[in-house]
Structures are given as structure tokens and as C-alpha cells.
Amino acid sequence: MILDIEFVIYSCLLLSSILPLYVYRKTIFKKYYSTSSDNFDLFLKDIKIYMEKNYPKIKIDYSIVQKTKNEQNIELRKSLLIENLIEQFYNFDYKKETQKSISKDKLWVGYDEKSKSNPKPPSDWIQRKDMAHRRDNRLCDRCGHMLLTTSDVYINFVKDIENGGGYNFENLICLCVDCNKILNSKNPKGTISSLSINDKLYNIAKY
């Protein structure tokens, strides 16, 4: 009889400790109880923050979210959104325009002569690239992506060298690796699949 009473007491104690866990299980294990809709909404929020922070000049249309609202497979829905964003990134309407000048007091002897059109870059090319990078606040002219070092900078020309363009600062456009690929693309499908933005967005989708 004593054992029965002890059993009842211990059982009650065990139940009393488990009961709060059961009652508040959704709060405690919110991550695991989140619905597919919650999962997609968090993903969408992360994607928007990432795009606005890293590619501020690219104006994204998120209407694909509404168009895919009835898709039950959340992973497929994420993929459709990413594919759409990358397509918009590729097709973003960008026009080459004359760039900012560098004040004359910062130019050097031989600058004008070496700025003339020539198939071979001038001997001061690294210096020009560095100054164009700083002139543009280390940002890609097309998408606004931060270019941390000059090794991240790809130079394009307002007027192509083969068409008579020169190496003067007004003709130098600083681009990120993806935007440079896009402006030089002759195979859209191949270029899109090679963009680094693919891996970045799909990595977000994993979490």
C-alpha cells in the first residue's frame, strides 16, 4: 500500500512537471511548430533584406509571391522566387552613361596622352582603376553592390575601346563580377547560370 501511495505521489509530481511543457509546447518549440507559410514568410523577409542591402539599385518586383501563393510545395515556391529575382537582376534596365571626372589637381603627368584609345591598357592602368573605385565610393555602378577591394572591381567602358573610347575617367565604369558578366553576355542562359548571386540566394533558402 505504501508503494502505491509513493507511486501516485511520484506520478503526480512527474505530471505536474510535464504539464507546463505540454501547455507551452508551441512557444518553446516554435521553430518546429512553424507552418510552411511561416517558413516562406521568413524566407521572403530575409531575401528582401539581402537584396536591398547588397543590390540597392536593382528595383525588384515581388509580384511572383502572389502568383505562387497556392503552391503547396514551399521549396518549389522558394526556387520559383529565386529564379524570378535572378531573371530580374539580369534584365535590369541599365544604360551606360558618362562617369564622374577626377579633379585636375589629382591627375598626373602623361594622363591625357595615356587616356587615348589603344587596344593595350596604359601603364598607369592600376592607378586609374583604383581612383575610379574610390571615386564611385566602392560601389558597382549598375547594382550598387559593395566592392571591398580593387580586385573586386571590373572595368567596363561607356564607349568601348574598339569603337574609339579612351581610358579617361569619364569613360570608366566600375562593376561587380556579376554585372560585368551581364554587360558582356552573349549567351543569356549560360550567363545567368554562372552568376554568383545564384549561390547567395539559394544559401538563404536553406535556412
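Helix α8 is followed by N137, a residue whose phi is positive, near 55°. What you're looking at is a predicted model, where local features need pLDDT of at least 70, side-chain atom pairs count only at pLDDT 80 or more, and totals for chains, interfaces and linings use all residues. Residues are numbered from 1 along each chain as its sequence is written, and side-chain values use heavy atoms, with hydrogens and water left out.

Most residues other than glycine have a negative phi. N137 is not a glycine, yet its phi is positive. R138 is another non-glycine residue with a positive phi, near 65°. N137 sits in the loop between α8 and β1 (154-157), and R138 lies in that loop too. Helices here are DSSP runs of H or I with at least four residues, strands are runs of E with at least two, and both are numbered from the N terminus.

Are these two residues buried or exposed? The cut-offs are under 20% relative accessible area for buried, over 50% for exposed, and in between for partly exposed (1.4 Å probe, protein chains only). N137 is exposed because its relative accessible area is 53%. R138 has 36%, so it counts as partly exposed.

**Inside α8**

Now step back into the helix itself. The buried residues of α8 are W125, R128, M131, A132, H133 and R135. Their cover includes α7 (111-114), β1 and β2 (172-175).

Take M131, which belongs to helix α8 (residues 125-135). With a relative accessibility of 11%, M131 counts as buried. Leaving aside residues up to four places away in sequence, M131 touches I102, K106, W108 and F169; contact means heavy atoms within 4.5 Å. K106 is 25 residues from M131 along the chain, and their C-alpha atoms are separated by 9.6 Å.

**Charged pairs**

A salt bridge here is a side-chain nitrogen of Lys or Arg within 4 Å of a carboxyl oxygen of Asp or Glu. That rule gives a count of 8 salt bridges. Among them are these:

| Pair | N to O distance |
|---|---|
| K57 and D141 | 4.0 Å |
| R128 and D124 | 2.7 Å |
| D136 and R135 | 2.8 Å |

K57 and D141 form a salt bridge that links distant parts of the chain: K57 is in the loop between α4 (36-54) and α5 (63-67), while D141 is in the loop between α8 and β1, 84 residues apart. K57 counts as partly exposed because its relative accessibility is 37%.

**Two helices side by side**

Two packed helices are described by the angle between their axes and the distance between the axes. How do α6 and α11 pack? Helix α6 (residues 74-91) and helix α11 (residues 196-205) meet at an angle of about 155°, with their axes 10 Å apart. The axes are lines fitted to C-alpha atoms, for helices over the stretch in contact, and angles run from 0 to 180 degrees between N-to-C directions. The two helices are therefore roughly antiparallel, a label for angles over 145 degrees.

On the α6 side, the contact is made by E75, K78, S79, I82, E83, L85, I86 and F89, and on the α11 side by I197, N198, L201, Y202 and A205. These residues divide into 8 nonpolar, 2 polar and 3 charged. Ala, Val, Leu, Ile, Met, Phe, Trp, Tyr, Cys and Pro count as nonpolar, Asp, Glu, Lys and Arg as charged, and the others, Gly among them, as polar.

Conventions
Angles under 35 degrees count as roughly parallel, over 145 as roughly antiparallel, 65 to 115 as roughly perpendicular and the rest as oblique.
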